[in-house]
Amino acid sequence: MDVGEGPEDARVGTARSLKEEGNVLFKNGEVKKAMKKYHVALIQLRDIENQNAGADKNKFISSMFFPREQEHESRETGVLKESADSIRLHCYNNLAACMSRLKNWDKVIKYATEALEIDAHNIKALERRACAYYYDRNFDNALEDFLAVLEKTPNAESIKRFVEQTQQQIRVRDAKLRHIYAGMMA
């Protein structure tokens, strides 16, 4: 189903093109330039959902007089939002990948979480966030995300290894804490 010819549609097309340009830059190792493309793509999509939400006020009255037009308009708005959300998901996921290359774990967590807010079952975002938590030494959150990934991809050997390593890190941390607290109580 094609999206119509409105200004929102043009912005979705522009955002899609910017995302693709970012993908090429990322593959060529130009991470910072790719990030800029993903950010500009997200800016293109920023107001689409808000404008569509504002249109809801007139839907009831409009639907009483023009029910078929309203149904067609609603379908187009849904397709537009789906397209925008898909591009947003990829841009946030790709920004997380860029930040991972730069070892900026806080930003990986931020962007992967943004992607997961759009699609809570996105394996790439969940795995990226789990790794970022791990490298940021936030082992409890890392384990939670790794286990969620493993639940969806039970044969992923690299994730199994990360789960084992994370559990080991938690045991080491807990042993150190027990030792510290035991010294405080003595």
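## A first crossing

The crossing of α6 and α8 is left-handed, a term used when the near helix is turned anticlockwise from the far one by less than a right angle, with right-handed used if the turn is clockwise. The axes of α6 and helix α8 (residues 157–185) come within 11 Å and cross at roughly 30°, where axes are lines fitted to C-alpha atoms, for helices over the stretch in contact, and angles run from 0 to 180 degrees between N-to-C directions. That angle makes α6 roughly parallel to α8, given that angles under 35 degrees count as roughly parallel, over 145 as roughly antiparallel, 65 to 115 as roughly perpendicular and the rest as oblique.

From α6, Glu127, Cys131, Tyr134 and Tyr135 meet Ile159, Phe162, Gln165, Thr166 and Gln169 of α8, contact meaning heavy atoms within 4.5 Å. The residues of this contact of α6 with α8 divide into five nonpolar, three polar and one charged; here Ala, Val, Leu, Ile, Met, Phe, Trp, Tyr, Cys and Pro count as nonpolar, Asp, Glu, Lys and Arg as charged, and the others, Gly among them, as polar.

## The model and its overall fold

This is a predicted model, in which local features need pLDDT of at least 70 and side-chain atom pairs count only at pLDDT 80 or more, while totals for chains, interfaces and linings use all residues. Residues are numbered from 1 along each chain as its sequence is written, and side-chain values use heavy atoms, with hydrogens and water left out.

The secondary structure of the protein chain comes to eight helices and zero strands, helices (H or I, at least four residues) and strands (E, at least two) being DSSP runs numbered from the N terminus. Of the 186 residues of the chain, 35% count as buried, where buried means under 20% relative accessible area, exposed over 50%, and partly exposed in between (1.4 Å probe, protein chains only). Among contacts between residues at least 6 apart in sequence, 62% join residues at least 24 apart.

## Helices α6 and α7

Two packed helices are described by the angle between their axes and the distance between the axes. For α6 and α7 the angle is about 150° and the axes are 8 Å apart, and the two helices are therefore roughly antiparallel to each other. Their crossing is left-handed. On the α6 side the contact includes Ile123, Leu126, Arg129 and Tyr133, and on the α7 side it includes Phe139, Asp145, Phe146 and Val149. The residues of the contact of α6 with α7 divide into 11 nonpolar, one polar and four charged.

## Salt bridges elsewhere

Side chains of opposite charge can pair when their charged atoms come close. A search of the whole structure finds nine salt bridges, each defined as a side-chain nitrogen of Lys or Arg within 4 Å of a carboxyl oxygen of Asp or Glu.

One of them joins glutamate 20 to lysine 19, with the closest N and O atoms 2.7 Å apart; glutamate 20 is partly exposed at 38% relative accessible area, whereas lysine 19 counts as buried at 10%. Another joins lysine 37 to glutamate 21, the closest N and O atoms again being 2.7 Å apart. Lysine 37 lies in helix α2 (residues 31–45) and glutamate 21 in helix α1 (residues 7–27), so the pair ties together parts that are 16 residues apart in sequence. Lysine 37 counts as partly exposed at 26% relative accessibility, and glutamate 21 counts as partly exposed at 36%.

Lysine 103, in the loop between α4 (67–101) and α5, has a positive phi of about 60° although it is not a glycine, and at 59% relative accessibility lysine 103 counts as exposed. Arginine 137, found in the loop between α6 and α7, has a positive phi of about 65° and is likewise not a glycine; arginine 137 is exposed, with a relative accessible area of 57%.

Lysine 110 has its place in helix α5 (residues 105–118) and counts as partly exposed at 43% relative accessibility. Lysine 110 and alanine 132 are 22 residues apart in sequence and 9.8 Å apart in space, C-alpha to C-alpha.
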